[in-house]
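Take a look at the sequence and the 3D structure below. The report that follows goes through them part by part.

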Amino acid sequence: MDPVPGRPSGYSRRRVVDMHTREEQPVTAVAEHVTAGRPAPVLPAADAPGPGQVPRLADGVELLGEYQGSGYAQPPSLVRRADGQVIQMSALLYRVACRIDGSRDPAAIAGLVSEDLGRSLTADQVRYLISAKLLPLGVVAAEDAPAAVPKANPLLALRARGTLLSERAANVAGALLTPLFRGPVVVAVLVSIVAVDWWLFAVHGLGGGMRQVLRDPVILLIVGGLSLVSAMFHECGHAAGCRYGGARPGKIGVGIYLVWPAFFTNVTDSYRLSRAGRLRTDLGGLYFNAVFMLALAGLYAATSSEVLLLAIAFTHLEMLEQLMPFVRFDGYFILSDLIGVPDLFARVAPIVKSALPRGRRDPRVTGLRRSARIVATTWVLCVIPLLASGLGYLVLYLPAVNLALWNSASLQAHLMTAAVHGHRYAMAAVDAIGIALITLSLAGSLYVVTGLARRLIVLGRRWSAGRPARRLLAGAAGLAALAALAAFWTLQGQFRGW
Amino acid sequence: MSTVTMQELELETAELLPARETLSCCSHRSGGNSFTQVGYGNTAQAGLLNVSALNGSFDNILSLGSGNIL
């Protein structure tokens, strides 16, 4: 395709594949990693098609600067694409991206970057960095039709997202709530919540609220409703914290995380903040939980309704749950920001590989500072058995779990029908919520298992690509695993009762 | 002025970061609020996935309201 006259032309994606004479394959999350003994890459020839082209950044690309508080010895820098995808890149790549302005050719860029670095970089080397590293990630514009640029597809990510507050509304809400992050307000909230907790747990107790629930289970609806409001307010806390630091929160919504429904706030823009700003964003949700509990305590002072105290206790449980660092809750982001490693789950495979006797040393591990590497490795050592046992249990007992869920839903449906016939509509509503949650758990368990199977198949296909013997081995191993699983389910009697 | 080598260039990396999505999960609202998790026999919670299916009947492992309130 000919470049548009008068406009700086981009680079051709097709040409990138040709230049490297490689099998065309999807771009992976990490652009390239090599071992020391690997031969140097071949530079694009000086007379290759389009070497004199003037590169330009893709539309909407934003250069965010250095990732602050990084756990890497050489702090990486950040670039954000128009679609919101943030890319972390090494310093030299970032310097090259910074010098691309749509008017400089590779020789001019090389000259400027050489001055920045204090080392000599050639035009061909700049061309290589652009075509092999920046172009596949969608940072530099391609001259041909825009191809699909890679997007992060992280492990254990939120799925099936729906919007509750648009980005604009979330920003308005965040801006309105930012005064809650002023120093004196924070101190007042923290002192007050300590006082309320001391009174509630050491003096008053939760017996009154529990007795109310036992007398009238419908009160659970109120507690559940307050719990949902608390969760939504929690998300507003993240948005407000993000906004207070100077970044723009994205939308607030609801989705499915593993098997659970979950509210979420997109605070991707907080990558640009300092470590303190990111931590404020992370902790904003828990802080707003504290504010919410104070509001409940105030309502209790006015109404003496013990249910409100029960809701405070439930909010504490939510907060504790949020501190879990092994799934993408607040605790995960807090840990990640404390050590300056933005995506801990992406370190699992490199750390495991690095630990193997003949494992490849991955720059994502070797580039980390010692303290960050120790914490990340410890986290990996904890998360692998936890996730493996959780997922392994689910797979091993899938028929039994789903039968149990199905029976439970049937029983709830029966009870709901009885409640409707008895004109106990509130109770019927509680039962209906129960059925919905059970159905969600059932669907979620199947979704998790099929997702796991899909990932394993993709891994097997990638491992055996172009190698028939490996493909045969992978297929045989897959079939053997399926047969063993079916035998286990049958011997356990897990199909009885279906 | 020293020259940047191609080996160095190849070690230049770029990595897609996942969207930062803070979550407020309804896990214990879906599990913990069910006051019938006692089930029958020695049921056990499956940790992260919060379902119960070990040793004993699996009836009514997740229920609310007019089920078996503790």
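Predicted model: local features only at pLDDT ≥ 70, side-chain atom pairs only at ≥ 80, totals over all residues.

## Two helix pairs in chain A

Start with helix α16 (residues 425-463) and helix α17 (residues 468-491) of chain A. They pack at an angle of about 155 degrees, with their axes 8 Å apart. Axes are lines fitted to C-alpha atoms, for helices over the stretch in contact, and angles run from 0 to 180 degrees between N-to-C directions. Helices are DSSP runs (H or I, at least four residues), strands are DSSP runs too (E, at least two), and both are numbered from the N terminus. α16(A) and α17(A) are therefore roughly antiparallel to each other. The cut-offs are these: angles under 35 degrees count as roughly parallel, over 145 as roughly antiparallel, 65 to 115 as roughly perpendicular and the rest as oblique. The crossing of α16(A) and α17(A) is right-handed. A crossing is right-handed if the near helix is turned clockwise from the far one by less than a right angle, and left-handed if anticlockwise. On α16(A), the contact involves G460(A), R461(A) and W463(A); on α17(A), R470(A), R471(A), L473(A) and A474(A). Contact means heavy atoms within 4.5 Å.

Now a second pair. Helix α6 (residues 183-204) and helix α9 (residues 275-303) of chain A have axes that come within 9 Å and cross at roughly 55 degrees. That makes α6(A) oblique to α9(A). Their crossing is left-handed. Among the contact residues are V185(A), I193(A) and W199(A) of α6(A), and Y287(A), L294(A) and Y300(A) of α9(A).

Residues are numbered from 1 along each chain as its sequence is written, while chains are lettered from A and ligands numbered from 1 in the order in which they are written. The model scores ipTM 0.79 and pTM 0.79.

pLDDT is the predictor's confidence in each residue, from 0 to 100. Chain A has a mean pLDDT of 86, and 89% of its residues reach 70 or more. Residues 14-39 do so, with 43 contacts beyond four places in sequence.

## Chain B

Chain B averages a pLDDT of 55, and 36% of its residues score at least 70. Where in chain B is confidence lowest, and where highest? It is lowest in helix α2 (residues 27-30) of chain B, at a mean of 48, and highest in strand β1 (residues 14-17) of chain B, at 92. Over residues 28-70 of chain B, pLDDT stays under 50. The model has 128 contacts beyond four places in sequence for that stretch.

Chain B has 2 helices and 2 strands. From the N terminus on, they run α-β-β-α. Of its 70 residues, 63% count as buried. Buried means under 20% relative accessible area, exposed over 50%, and partly exposed in between (1.4 Å probe, protein chains only).

## A sheet across both chains

Which strands make up the open sheet of 4 strands? The order is β4(A)-β5(A)-β6(A)-β2(B), with antiparallel pairing. Two strands pair if DSSP finds at least two bridges between them. The edge strands are β4 (159-165) of chain A and β2 (21-25) of chain B, and each pairs on one side only. From one strand to the next, the twist averages 30 degrees. β4(A) and strand β5 (residues 252-257) of chain A pair over 4 bridges. Here G162(A) has V254(A) as its bridge partner.

## Strands β1 to β3 of chain A

Strand β2 (residues 77-80) of chain A pairs in the antiparallel sense with strand β1 (residues 62-66) of chain A, over 4 bridges. E62(A) stands opposite R80(A). β2(A) also pairs with strand β3 (residues 86-89) of chain A, antiparallel and over 4 bridges. There S77(A) stands opposite M89(A).

S77(A) and V79(A) point one way from β2(A), L78(A) and R80(A) the other way, and all are buried. The hairpin of β2(A) and β3(A) has 5 residues between the strands, and G84(A) takes a positive phi near 95 degrees.

Notes. Heavy atoms only, no water.
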